[in-house]
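Walk through this structure one contact at a time. Keep the viewer open and follow the residues as they are named.

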Amino acid sequence: MSDSGNNAFWQTKRLEDMSPAEWESLCDGCGRCCLNKLEDWDTGEIYWTNVACRLLDDGSCRCRDYPNRQASVPDCVPLDAHAARTLSWLPPTCAYRLLGEGHDLYWWHHLVSGDPDTVHQAGISVRGRTISEEGMEPEDLEDHLVDWPGENPMED
């Protein structure tokens, strides 16, 4: 939070009113949204895997080609304010989701802590916990189901 006692931009602005730089700064770099997910068509339930998009750098938890990601990965979903409020698969710790639901950022978010590594130190990120989808058949995703990406360790 701001040391001056003034509220930070994410506490005073709606998602729709943020500048592009403010919007981009909300990403905590956890990489959870870059994991492959399976959806039960009958129930809508989301099942998480530890299989990462081929563009995700497992060490930095950032996209290797962010500016061109949608050309490289056509099913990469761009986030906007509407999506942040409606996508059921956004991780529960995601800043976009939190703010869209009226919550504040967690202590480990770099905008609060001042350190981009706190997301990793807090165990929120996917660092060292993924395998790449490169060369994997879609039907093999079921062999890589995990619970942790859809969990919020801050609520334990």
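This is a predicted model: local features need pLDDT of at least 70, side-chain atom pairs count only at pLDDT 80 or more; totals for chains, interfaces and linings use all residues.

**Aromatic pairs**

Trp23 counts as buried, because its relative accessibility is 12%, under the 20% cut-off.

How many aromatic pairs does the whole structure hold? A search finds three. One of them joins Phe9 and Trp10. Here the ring centres are 5.3 Å apart and the planes stand at 85°, so this pair is edge-to-face. The angle qualifies because edge-to-face means over 60 degrees. Phe9 has a relative accessible area of 19% and is buried. Trp10 counts as buried at 7% relative accessibility.

**Salt bridges**

Now turn to the charged side chains. The structure holds five salt bridges. One of them joins Glu22 to Lys13, with the closest N and O atoms 2.8 Å apart. Are these two partners buried or exposed? Glu22 counts as buried, at 16% relative accessibility. Lys13 is partly exposed, with a relative accessible area of 33%.

Another bridge brings together Asp17 and Arg14, at 3.2 Å from N to O. Asp17 counts as partly exposed, at 45% relative accessibility. Arg14 is partly exposed as well, with a relative accessible area of 49%.

Arg97 and Glu101 also meet in a salt bridge, at 3.1 Å from N to O. Glu101 counts as partly exposed, at 45% relative accessibility.

**Loops and surface**

Start with Cys61, which lies in the loop between β3 (56-57) and β4 (62-63). Its phi is near 60°, a positive value in a residue other than glycine. Most residues other than glycine have a negative phi. Is Cys61 buried or exposed? Cys61 is buried, with a relative accessible area of 4%.

Pro78 belongs to the loop between α3 (69-72) and α4 (81-86). At 41% relative accessibility, Pro78 counts as partly exposed. Its C-alpha atom is separated by 15 Å from that of Ser25. Along the chain, Pro78 and Ser25 are 53 residues apart.

Finish with Glu139, in the loop between β5 (131-132) and β6 (145-146). Glu139 counts as exposed, because its relative accessibility of 55% is over the 50% cut-off. What gathers on the surface with Glu139? Glu137, Asp140, Glu142 and Asp143 do, and with Glu139 they form a patch of negative charge.

Definitions and conventions. Residues are numbered from 1 along each chain as its sequence is written. Side-chain values use heavy atoms; hydrogens and water are left out. Patches are made of residues with over 30% relative accessible area and no salt bridge: like charges are joined within 9 Å, nonpolar side chains (Val, Leu, Ile, Met, Phe, Trp, Tyr) within 5 Å. Accessible areas come from the Shrake-Rupley method with a 1.4 Å probe; for residues, only the protein chains shown count as cover. A salt bridge is a side-chain nitrogen of Lys or Arg within 4 Å of a carboxyl oxygen of Asp or Glu. Lys and Arg count as positive and Asp and Glu as negative; His and the chain ends are not counted. The place of a charge is taken as NZ of Lys, CZ of Arg, CG of Asp or CD of Glu. Helices (H or I, at least four residues) and strands (E, at least two) are DSSP runs, numbered from the N terminus. Buried means under 20% relative accessible area, exposed over 50%, partly exposed in between (1.4 Å probe, protein chains only). Rings of Phe, Tyr and Trp (its six-membered ring) pair if their centres lie within 6.5 Å; planes under 30 degrees apart count as stacked, over 60 as edge-to-face and the rest as tilted.
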